[in-house]
Every structure is written in C-alpha cells, then in structure tokens.
Amino acid sequence: AAEGARIRLFGSVLLPNLAQLRQMNERPWNGVHFSERYLSSLDGMAECTKEVLGAFSGAGVEPIVESKVRTSGDLAALRDLLA
C-alpha cells in the first residue's frame, strides 16, 4: 500500500429477526460460530449484534448487513440497529 493509504475494513452482521435466528441455529454458515447467548433468543441476537457494531465503530470497521431487507419494518429495524 502506498504510504499514507488507508485500508478500509468491513465486518458482517445480521439483522436480528426470527428467520435469521432460526437459520443460524439450524444451518449456520460453514466455519462461523455464534455464542449461546446470541443463539438463545431474538433479544440475545440483538444485544450481541449491538455490541459487535459498537466494537466495529470503535475500530473503524464498516458494517456489512448480510440480511435481506424486504419490508418497511425491516428497513426501520435496520435504521434502529445502525443508529
């Protein structure tokens, strides 16, 4: 990299919803491990995701939301999560 060039870092997160929670419990991505707290409930998923987003923010990591946003409700939930 050129001197003074900034490397951009990206990290994946999921929009907490029941379908995504069910998928990660039943068919998690290969090589990805989620904590028991994350997988235990929608509230646990949301709390862990917010903690990860806080860590991303502190480290300058740009989040990539790996969930489908299909409805205005999904969009509202995404806005709340990223706020």
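Is glutamate 62 buried, partly exposed or exposed, and what is its relative accessible area? Glutamate 62 is partly exposed, with a relative accessible area of 29%; buried means under 20%, exposed over 50% and partly exposed in between, with a 1.4 Å probe and protein chains only.

This is a predicted model, in which local features need pLDDT of at least 70, side-chain atom pairs count only at pLDDT 80 or more, and totals for chains, interfaces and linings use all residues. Residues are numbered from 1 along each chain as its sequence is written, and side-chain values use heavy atoms, with hydrogens and water left out.

**Salt bridges**

The structure holds four salt bridges, a salt bridge being a side-chain nitrogen of Lys or Arg within 4 Å of a carboxyl oxygen of Asp or Glu. In general, side chains of opposite charge can pair when their charged atoms come close.

Helices (H or I, at least four residues) and strands (E, at least two) are DSSP runs, numbered from the N terminus.

Arg37, Glu47 and Glu51 are linked in a network of salt bridges. Arginine 37 is in helix α2 (residues 36–40) and glutamate 47 in helix α3, so their pair ties together parts 10 residues apart in sequence. Glutamate 51 is also in helix α3, 14 residues from arginine 37.

**Helix α3**

Helix α3 has 18 residues and reaches 26 Å from its first C-alpha to its last, close to the expected 26 Å; the expected span is 1.5 Å times one less than the number of residues. Its buried residues are Gly44, Met45, Cys48, Thr49, Leu53 and Phe56. Seen down the helix axis, these fall within an arc of 165°, so they line one face of α3; the arc is that of the directions from the axis to the C-beta atoms. The face turned away from the buried side carries the exposed residues Asp43, Ser57 and Gly58. The buried residues of α3 pack against β1, α1 (18–26), α2, β2 and α4 (72–82). Glycine 60, which follows α3, has a positive phi near 75°.

**Threonine 49**

Threonine 49 is in helix α3 (residues 42–59) and counts as buried at 3% relative accessibility. The side chain of threonine 49 reaches the backbone oxygen of methionine 45 at 2.7 Å. Leaving aside neighbours within four places in sequence, threonine 49 is in contact (heavy atoms within 4.5 Å) with Val13, Leu14, Pro16, Tyr38 and Leu81.

**Phenylalanine 34**

Phenylalanine 34 is found in the loop between α1 and α2 and is partly exposed, at 23% relative accessibility. Not counting residues up to four places away in sequence, phenylalanine 34 touches Leu14, Met24 and Leu39. Phenylalanine 34 and glycine 54 are 20 residues apart in sequence and 17 Å apart in space, C-alpha to C-alpha.

Methods:
A polar contact is a pair of N or O atoms within 3.5 Å; within protein, one must be able to donate a hydrogen and the other to accept it, and residues adjacent in sequence count only if both atoms are side-chain atoms.
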